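Okay, thanks for coming, everyone.

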Amino acid sequence: MDAPPPIVLTTDFGLNDPYVGIMKGVILNINPRAVIADLTHQVQPQNLRQAAFVLGSSFRFFPSNSIHVAVVDPGVGTERRAILLLTPEGRFLAPDNGVLSQVLSNRLESPTDRPGLVPIPGGCTVYQLTNPQYWLHPMSNTFHGRDIFAPVAAHLSLGVSPDAIGSPVSGLVWLPGSMPSYQSGYIQGEVIYIDHFGNLITNIPGQQLAGFSKLQVQIKGRRITRLSQTFHDGDMRDNPNLLALIGSHGHLEIAVRDGSAAITLGAGPGEPVLVYTDEGRMTKDER
Amino acid sequence: MDAPPPIVLTTDFGLNDPYVGIMKGVILNINPRAVIADLTHQVQPQNLRQAAFVLGSSFRFFPSNSIHVAVVDPGVGTERRAILLLTPEGRFLAPDNGVLSQVLSNRLESPTDRPGLVPIPGGCTVYQLTNPQYWLHPMSNTFHGRDIFAPVAAHLSLGVSPDAIGSPVSGLVWLPGSMPSYQSGYIQGEVIYIDHFGNLITNIPGQQLAGFSKLQVQIKGRRITRLSQTFHDGDMRDNPNLLALIGSHGHLEIAVRDGSAAITLGAGPGEPVLVYTDEGRMTKDER
Amino acid sequence: MDAPPPIVLTTDFGLNDPYVGIMKGVILNINPRAVIADLTHQVQPQNLRQAAFVLGSSFRFFPSNSIHVAVVDPGVGTERRAILLLTPEGRFLAPDNGVLSQVLSNRLESPTDRPGLVPIPGGCTVYQLTNPQYWLHPMSNTFHGRDIFAPVAAHLSLGVSPDAIGSPVSGLVWLPGSMPSYQSGYIQGEVIYIDHFGNLITNIPGQQLAGFSKLQVQIKGRRITRLSQTFHDGDMRDNPNLLALIGSHGHLEIAVRDGSAAITLGAGPGEPVLVYTDEGRMTKDER
């Protein structure tokens, strides 16, 4: 007997309340052999962009038959659709509010920077969940994680076909992630995520920095004059402990050796980060 | 081979310490195929009423063969009994301190508002855990979650009979939940739980409000003049973002659209909530 | 078919970020039937001594075929080795930075109080993880939990031999735990861990106190004149609610009945604790 596909939960429900546990109860009621994993439940309440980033930078590490359930759902009970997105790298159940945007971003030919409905990229399919036969009843207007997404995930894990649970649709909501702007000689980005260690993860993809033999990172008036390889490998000039590296998300990350960059710099999401790639523009004494 | 019944853990142990993990180790040592789910471990330390509410409003979403383990146990090591409660909707292992009261409340003919021993309702059975053969040894006086409840749950999940692990008893400890008082023309309740989103969950059951075409909710001097259907559907008069609805617990809930009612109102557990159901008693300008 | 051995995770990653979830995804990708349990992810960031204590006082409650993965790894990406320690009571994957010291402490003939390389005790084997075939690629320098430890754990759970994943080595890094000093007539110890309830766990092993009919515990100028059996069983003289007992870790623990000793005493890790075992040295009025 094949192992069941993992059901992976990402929510903003936190861990104090029984909400996540209840979703697991609903799943186990339908599929007692379900394998359930938590990605995180600590997305900032109703922060769709954060949820999209967390899911988008994580889903590739799960099996490609995984059923991801992403419930950050400020519009629960309103007209917003509930959808199933099928991709070659995973299946995704979520409200159609943009929370799946970073799952799709690599697949869109030219991601727009305006929110709105986008066509479904090649190789993917989207279904609107329309068949109440697979939902929990009586159904609430306030907890579709329990009443729609969890039971549909459990039925999918048992092999129920997408065609049974809904109808194909031709577009889904796109919420653009924060994108750096590329100027002549420098890249202007920003901090988009702070992790538990106080590392500042920026929106600047590591591959954009690959070709440069010299670069200079500026944040909060501090300069970092090279990319480190590890958290131990600080810039040994005037910032002995402040460092920049390409982190495990694949993005430029600012860190403090044995400390918290968020606290040391007093920086949070939205903090501007400049990367000078043109020697002429770098601060003189650092060239 | 049948799937094993889920073992569902509810404690006040928090997630910083290894205590919950240790209980899982003990369970897996006895039943390596056990399916373990967490309801929550963030019950406020030793808050039996909160634990009873959380468990009572959640257990029905789990399979009816589930083995719930509820360890909020200020009297651990004292004379308080350790019990197994069998109901048609689930099995429950817990200290006999009232933590199972809300599991039973619908089954009691006339729940009393005084704490004490109550007879076991029809269809249910209670065993006192008396057989040390199913416990972990050497046994501590301070961690029966590890030494008694976890191993007994694991043995039950393997099919060990309740008669083997203990002896039937005729009553268990009842801890009354907070109950609203029904007056002529109004209901006086209170906030009993604040969730991660800052929603204020009251002790007023939704079905008590079903029959009224008009009602008025008062909390902290603010008035809400209708029940909303969703968190987006605010009262559009003088409280554009404050709303009242029947939440996913089935209780009257006070919320703030895209915000925290707990912070906005400065309200916490125990905060009085009045619901006027008689037009004559409502504030005039809101009729 | 045998049940797979549990993979037990202990990290300082916290629960806000997707890091722990990603490790589970990597494991499930390799072994879809893996059984994964969390010990805790809330070790204080990069606190190796705390991680060593938590793991050392917990691992015996898990099955002896468990694969423990301990990732508290301030030196990730540097020259520090990644190791697999095999013991009769469990298998342990970790950076070779001392985090496994308390797993070994009972096995060392004379544990030294200086950090450094120690020979491997009898009955145990240590492998350095050297075979990149069992790692995730492309590999980062900053997240070996994802790229080395999780995939190697998954392969071990499928039965891959230690000889395939690495090469035996002859020593590993020892990080001494805090040890009490035994003087004539008294023991000088300290608080090493504060749990969620505010209980102060000391470094004084319970068995050291077993033989004494009278003893006196001093902390923060307060005296406790006997050992309690339960958290309810306070010292009934001038500290009605302050109590000392041998806690579930097997160590002397200071607690406050129905409260937090950490808050009541204003004490934290490192706080000195004295135990007088010689009547002549005890405070007179408490004899």
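Helices (H or I, at least four residues) and strands (E, at least two) are DSSP runs, numbered from the N terminus.

Housekeeping next. This is a predicted model, where local features need pLDDT of at least 70 and side-chain atom pairs count only at pLDDT 80 or more, while totals for chains, interfaces and linings use all residues. Residues are numbered from 1 along each chain as its sequence is written, chains are lettered from A and ligands numbered from 1 in the order in which they are written, and side-chain values use heavy atoms, with hydrogens and water left out.

On confidence: pLDDT is the predictor's confidence in each residue, from 0 to 100. Chain A averages 92, with 96% of its residues scoring at least 70. The model's ipTM is 0.94 and its pTM is 0.95.

Now, those helices. In chain C, α1 (residues 19–30) packs on α4 (residues 144–157) with the axes 8 Å apart and an angle of about 40°. That makes α1(C) oblique to α4(C): under 35 degrees would be roughly parallel, over 145 roughly antiparallel, 65 to 115 roughly perpendicular, and the rest is oblique. Who makes the contact (heavy atoms within 4.5 Å)? From α1(C) we have Ile22(C), Met23(C), Val26(C), Ile27(C) and Ile30(C), and from α4(C) there are, among them, Gly145(C), Ala150(C), Pro151(C) and His155(C).

Let's move to the loops. Thr142(B) sits between β7 (125–129) and α4 (144–157) of chain B. Is Thr142(B) buried or exposed? Buried, at a relative accessible area of 12%; the cut-offs are under 20% for buried, over 50% for exposed, and partly exposed in between, with a 1.4 Å probe and protein chains only. Leaving aside neighbours within four places in sequence, Thr142(B) contacts Val76(B), plus a set from chain C: Gln229(C), Phe231(C), Leu245(C), Gly247(C) and Ser248(C).

That β7–α4 loop of chain B also holds Pro138(B), and the peptide bond from His137(B) to Pro138(B) is cis, with omega near 0°. Over in chain C, the bond from His137(C) to Pro138(C) is cis too, with omega near -5°.

Another loop in chain B, between β2 (35–40) and α2 (48–56), carries Gln42(B). Gln42(B) is partly exposed at 25%. Not counting residues up to four places away in sequence, Gln42(B) touches residues including Leu15(A) and Asn16(A), Thr11(B) and Gln50(B), and His196(C). From Gln42(B) to Ser248(B) is 206 residues in sequence and 19 Å in space, C-alpha to C-alpha.

Keep in mind that most residues other than glycine have a negative phi, and most peptide bonds are trans. Against that, Lys220(A) has a positive phi, near 50°, in the loop between β13 (216–219) and β14 (222–224) of chain A. Lys220(A) is partly exposed, at 43%. For Lys220(C), phi is near 55°, and at 44% this lysine is partly exposed as well.

Definitions and conventions: Axes fitted to C-alpha atoms, helices over the stretch in contact; angles between N-to-C directions. Contact = heavy atoms within 4.5 Å.
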